[in-house]
Amino acid sequence: MSVDNTVAEAGRPRLIRADRTRRRNAAETRFRIYGVVAIVISLAALVFLVLSILSNGLGAFSQTFIAFDVYLDPAVIDKNGNRNPEEMKKVTTIGYGNLLKKALAADLEARGVSTEGIPPKEVDGLLSKDAPAQLRDKVLADPGLVGQTIRFETYANGRIDGYFKGRVTMESARLDSNVSPEQLELADRMRAAGIVSVRFNWGFLFGPDASELRPEAAGLGIAIIGSAYMMMIVLVLALPIGVAASIYLEEFARQNAFTDVIEVNIANLAAVPSIVFGILGLALFINFLGLPQSAPIVGGLVLTLMTLPTIIIATRASLKAVPPSIREAALGVGASKMQTVFHHVLPLAMPGILTGTIIGLAQALGETAPLLLIGMVAFVRDFPGPPPEGFFDPAAALPVQVYNWTQRADPAFVERASGAIIVLLVFLLSMNIIAIILRRRFERRW
Amino acid sequence: MNDASKLQVTLPITPDTSAAVASSAMVREGEAAAGPDIKVAARNVDVFYGDKQAIKDVSVDIPERSVTAFIGPSGCGKSTFLRCINRMNDTIDGCRVTGEITLDGLDIHDPSLDVVELRARVGMVFQKPNPFPKSIYENVAYGPRIHGLARGRPELDEIVESSLRKAGLFEEVKDRLDGPGTGLSGGQQQRLCIARAIAVSPEVILMDEPCSALDPIATAKVEELIDELKANYAIIIVTHSMQQAARVSQQTAFFHLGVLAEIGSTQEIFTNPKDKRTQDYITGRFG
Amino acid sequence: MNVGLLILIVLVIAAAGYVLGRRRSLATADGNIRGMHSLPGYHGQSVFLFASVPAFLVMIVWLLVQPLVIENQVSALIQPSDIPEGSSLSLVMADVRRIADGLDLAVARGALTEDQIATMRADLTNLRGRLADVGVAIAADVKQSVFVAAQEYRALNKIGLMVMSGLVIAVAVAGAAYSYSRITPRYRARNVAEAAIKALLILSSTVAILTTLGIILSLVFETAHFFNLYPARDFFFNLTWNPQFRGGSDLGIIPLLWGTLYVSFVALAVAVPVGLLAAIYLAEYASPTVRGIAKPAIEILAGIPTIVYGLFALITVGPLLRDYFAQPLGLGSSSSSVLTAGLVMGIMLIPFVSSLSDDVINAVPQAMRDGSYGLGATQSETVKKVILPAALPGIVGAILLAASRAIGETMIVVMGAGAAAKLSLNPLEAMTTITVKIVSQLTGDTEFASPETLVAFALGLSLFVVTLLLNIVALQVVRRYREQYE
């Protein structure tokens with residue numbers, strides 16, 4: 001309006017005023033910069049996130065080990081001399097602990113590593129608190145070892161491990177009641193003597209969880225199995241149900257109130273907060289149907305319900321992408337509707353369905369909140385049995401294990417949690433890569 | 001533009017009266033032609049899409065072992081009517097067919113006739129070649145398989161070969177029967193679709209503008225094939241091309257605005273049309 | 001005979017039916033498949049279905065009804081005098097079931113024989129110990145009448161299972177025989193088999209409805225239960241959240257709601273400008289190469305599980321904010337805070353806003369842009385004055401969806417926001433949200449009778465309702481926008 005007026009009053013003004021154009025161009029540049037900044041912020045956040053997890057978590061894959069000779073004194077661990085495991089079970093880890101204490105002291109002396117000025121209790125403190133139990137398990141599994149001297153390798157205490165990874169320093173040790181600078185110096189000497197070494201730790205990937213005081217022994221084995229069991233259940237239930245539902249909705253259902261209700265339901269279920277599914281699992285599967293807590297079966301069922309909308313949406317999209325001419329061709333030679341769908345449409349839609357399923361599984365694998373409510377946070381040290389019975393045994397799950405470890409006091413568990421995240425991300429990355437390859441490979445243009 | 005306005009002026013006939021005229025004429029024609037070799041007969045067929053009526057009171061007889069062409073301007077309902085004959089319209093939501101269509105005297109909507117059986121007896125070839133994305137062999141073998149027409153692999157091989165031969169395609173593809181059907185040229189694909197339809201040994205073949213997506217050479221081949229096939233089958237072909245109708249058919253039906261305006265021997269329709277609308281159409285005044 | 005074995009037997013009968021039906025259909029047609037309506041395999045399938053489906057239906061109904069009937073019969077054996085003070089019939093019946101299960105277990109492990117159980121009346125004190133040996137703990141010594149009820153319970157169960165097995169097998173055989181006898185070449189076996197498959201398809205598609213129904217029922221029932229124990233008025237209007245183990249808790253939702261909204265607000269304040277500007281840049285300015293790299297990279301953020309963001313908030317962002325902002329400014333000393341959770345959640349939401357907005361912006365017809373450029377508008381003027389107004393409803397829909405995500409998000413706030421329910425404006429202070437409290441009230445050992453546990457269901461219902469409304473509105477807005485340009 002005002003522009004029009006000035007034009008009219010001025011008679012024949014210059015159509016384009018240079019200063020105005022300059023301002024407009026500056027605004028243009030500014031706007032463009034905002035966009036670039038937004039992109040940079042997003043990407044920087046991604047990089048920062050990944051780097052932070054990597055830098056915190058890579059340490060979890062290597063571990064400090066202590067190896068020394070232990071004489072398995074029959075007088076301590078098998079007083080009756082029968083080598084009967086049932087009888088030997090009566091000896092607790094305390095007995096083995098004393099054995100280890102002596103053996104370590106003897107080994108250090110034999111190798112000329114000085115322990116001067118360090119109380120014997122602190123020398124022993126270099127070992128993981130899990131060590132006596134490991135030795136006991138080893139002996140009970142093979143009673144023939146009693147009476148021999150074996151080379152026993154075990155984890156170093158989490159603080160010693162932290163010292164070699166840079167998490168614990170002389171300064172922090174001075175303030176820490178759990179470790180002393182003298183112990184760290186001793187560890188340095190032991191490393192020089194070859195008793196202590198740092199290397200890749202398979203126990204982190206395959207071992208069971210360990211208690212609060214033994215971060216060095218905590219592993220992901222049970223969590224990985226639990227997650228794998230749940231993924232199996234999700235795959236076996238969600239894929240057929242999701243595909244069947246999509247086929248009905250896309251190929252058979254007529255537009256009516258019933259199908260409208262289903263459509264609205266699916267759209268909304270896809271957006272219901274995951275924790276609500278956890279509440280459903282707790283109320284329905286555990287309280288009402290009486291399924292066990294912490295079991296992969298319950299987690300699997302809950303995740304199945306969560307994954308269904310994803311699979312249904314992907315399946316319907318790929319069914320829709322199959323051109324109607326294929327259906328007409330099959331109907332035209334006298335195939336029934338059902339034969340048309342199962343012989344022609346479904347096979348053609350399969351790559352899309354599988355891609356959607358893998359993406360749905362990847363989502364389910366990373367899901368945490370609903371699993372917290374159905375008791376997957378419980379501390380589990382026994383591996384679940386093989387399926388299908390194992391589906392009902394208590395187990396952990398990868399993301400829940402991460403949460404679990406972050407709730408523990410010892411900072412060594414932060415490293416473990418980040419390490420577990422790396423494992424989780426590697427799984428997710430491989431699943432997504434498979435999905436991308438599937439899509440590239442089988443993508444079809446009609 | 002001029003033609004269209006003229007049409008409105010010269011043809012103030014309401015659909016109802018025109019339908020009545022057409023149908024009474026048809027029945028008389030049908031009775032005259034009635035005989036042992038009527039394969040498909042339609043009486044008073046109406047088709048509705050929802051509330052919209054697409055076909056109004058069409059009655060027509062299709063003789064055995066000859067080619068019937070359906071011609072008419074776009075949207076006149078000729079394809080819709082064709083799809084009634086093997087009940088392909090069942091697959092469209094909201095489509096309703098009334099009236100009677102018989103195949104060998106048996107009502108095709110009779111519950112004792114399964115729609116799948118009907119489609120095995122009344123094969124169809126579509127406007128755009130639509131081979132399955134499978135091998136050439138599998139394309140042709142699919143129909144015989146689901147209908148249990150072959151007792152073993154050798155018999156199936158035989159059906160596939162003879163169908164491809166009848167479609168005039170065997171010599172061109174005999175070395176690559178395992179190759180994908182979608183890898184053929186457009187004309188070859190359409191002949192593959194014809195072979196696929198023949199393989200089920202239908203009695204009637206419906207062709208919905210089978211050459212509209214093909215070049216002239218491929219069209220000539222398909223027309224040649226139609227001419228050969230008429231020795232064994234009743235063929236109904238919907239076409240946009242009047243020349244094609246004149247070349248391949250013995251009987252021609254002219255559809256206009258969902259009404260069957262005129263039907264008669266091809267010779268007569270093209271040389272001496274009785275209906276004014278037919279005359280206007282074939283002389284190129286509209287359509 | 002146990003249920004698993006019974007299922008197996010029925011399946012075997014059905015499988016045999018399949019083979020026989022197939023063979024018979026070929027025989028009746030004299031091997032001439034052409035003359036048959038359906039392929040032999042379909043005849044086999046129809047026999048299979050007639051054998052298995054009715055049998056399994058009978059079995060399911062029986063298994064649902066039997067416990068109710070037996071419960072009724074057995075509870076008639078319990079006299080009012082058998083019910084201890086402070087207990088109830090249902091608790092005694094629970095004991096009866098435990099004892100019966102324990103006896104079954106003991107027999108299965110060989111600790112007891114059936115004869116021993118039958119004569120075991122006098123040595124009742126021993127029973128508790130024996131059951132404890134097989135891992136079944138009974139609270140008190142067992143009364144004779146309760147033990148008798150348990151024996152009756154076992155007996156009835158046994159009879160019930162036997163009768164059911166007989167009936168189910170009979171039904172399976174009868175079904176198979178019936179459909180076998182119906183086989184003729186003209187029999188429409190394919191239609192029968194396909195109708196069964198279609199029924200299965202329909203059943204699968206109802207799972208979505210059942211899930212929603214399950215969610216609503218479980219939430220509503222337990223919430224009603226909660227409001228019986230704790231007044232709804234207090235839940236909605238009380239300004240404090242302070243659960244106590246020993247009762248007398250304050251369970252007001254307001255502080256939790258405040259925390260939820262505050263965190264969501266911070267998250268959206270991060271995600272909306274960044275996501276929207278990124279979407280505009282990618283849609284209008286970026287070269288195909290930049291777009292090809294940046295768009296998938298941003299979408300990676302959407303594929304990262306929330307537990308990862310939670311950990312990121314806990315070990316990186318939280319300490320950073322505390323050391324460089326909260327403590328120097330004297331605003332707080334906690335690493336978990338509204339800002340920590342909000343920032344990290346904002347990062348998580350960037351791809352939601354950006355990819356939805358990207359779709360929406362791309363849906364604006366090119367003609368509109370051309371019109372604007374044709375008048376001499378710069379690109380940014382076109383975006384601001386033409387494209388954004390045209391795309392606004394779609395963008396609003398995207399933001400609403402992101403908001404619903406933010407409100408329902410759990411792990412990031414559990415690990416980043418803190419656990420203290422507070423009504424404060426300081427973003428560097430720890431606050432808590434609805435989802436955090438659902439987790440904390442429902443994890444660990446939970447007693448399903450106390451308001452402190454049941455409140456989680458009321459919180460869940462509130463969360464469900466709020467997110468559902470947001471989603472419905474958002475989907476409506478987006479749909480209407482799409483229709484506008486289709």
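**Domains, chains and salt bridges**

Hi everyone, let me start with a zero: between domain 1 of chain A and domain 3 of chain A, the count of salt bridges is zero. A salt bridge here is a side-chain nitrogen of Lys or Arg within 4 Å of a carboxyl oxygen of Asp or Glu. What we are looking at is a predicted model, where local features need pLDDT of at least 70 and side-chain atom pairs count only at pLDDT 80 or more, while totals for chains, interfaces and linings use all residues. Residues are numbered from 1 along each chain as its sequence is written, chains are lettered from A and ligands numbered from 1 in the order in which they are written, and side-chain values use heavy atoms, leaving out hydrogens and water.

Let's stay with chain A. Its domain assignment, which is automatic or from a database, gives domain 1 (2–57), domain 2 (60–207) and domain 3 (221–442). Taken over C-alpha atoms, the centres of domains 1 and 3 of chain A are 43 Å apart. How many residues of domain 1 are in contact with domain 3 of chain A? Four, and they meet five residues of domain 3, with contact meaning heavy atoms within 4.5 Å.

Together these two domains bury about 410 Å², with carbon and sulfur atoms giving 77% of it; that is accessible area (1.4 Å probe) lost on putting the two parts together, summed over both. On the domain 1 side, A:I53, A:N56 and A:G57 lose the most area to domain 3 of chain A, together 86% of what that side buries.

Now to chains C and B. Nine residues of chain C are in contact with 13 residues of chain B, and the two chains bury about 840 Å² between them, 36% of it on carbon and sulfur atoms. In chain C, the residues losing the most area to chain B are C:R34, C:L39 and C:R188, together 53% of what that side buries. The rule finds two salt bridges across this interface. B:D114 forms a salt bridge with C:R190, with the closest N and O atoms 2.9 Å apart.

Over all chains, the count comes to 44 salt bridges. In chain A, A:D130 and A:R214 meet in a salt bridge (3.1 Å, N to O). A:D130 is in the loop between helix 6 (120–124) and helix 7 (131–141) of chain A, and A:R214 is in the loop between helix 11 (202–206) and helix 12 (221–252), so the pair ties together parts 84 residues apart in sequence. Helices (H or I, at least four residues) are DSSP runs, numbered from the N terminus.

Is A:D130 buried or exposed? A:D130 is buried, at 7% relative accessible area, whereas A:R214 is partly exposed, at 26%. Buried means under 20% relative accessible area, exposed over 50%, and partly exposed in between (1.4 Å probe, protein chains only).

My last stop is C:I215, in helix 8 (residues 207–229) of chain C. C:I215 is buried, with a relative accessible area of 1%. Leaving aside residues up to four places away in sequence, C:I215 touches A:L269, A:V276, A:F277, A:L280 and C:F464. The C-alpha atoms of C:I215 and C:F464 are separated by 9.0 Å, although the two residues are 249 residues apart along the chain.

Key
Helices (H or I, at least four residues) and strands (E, at least two) are DSSP runs, numbered from the N terminus.
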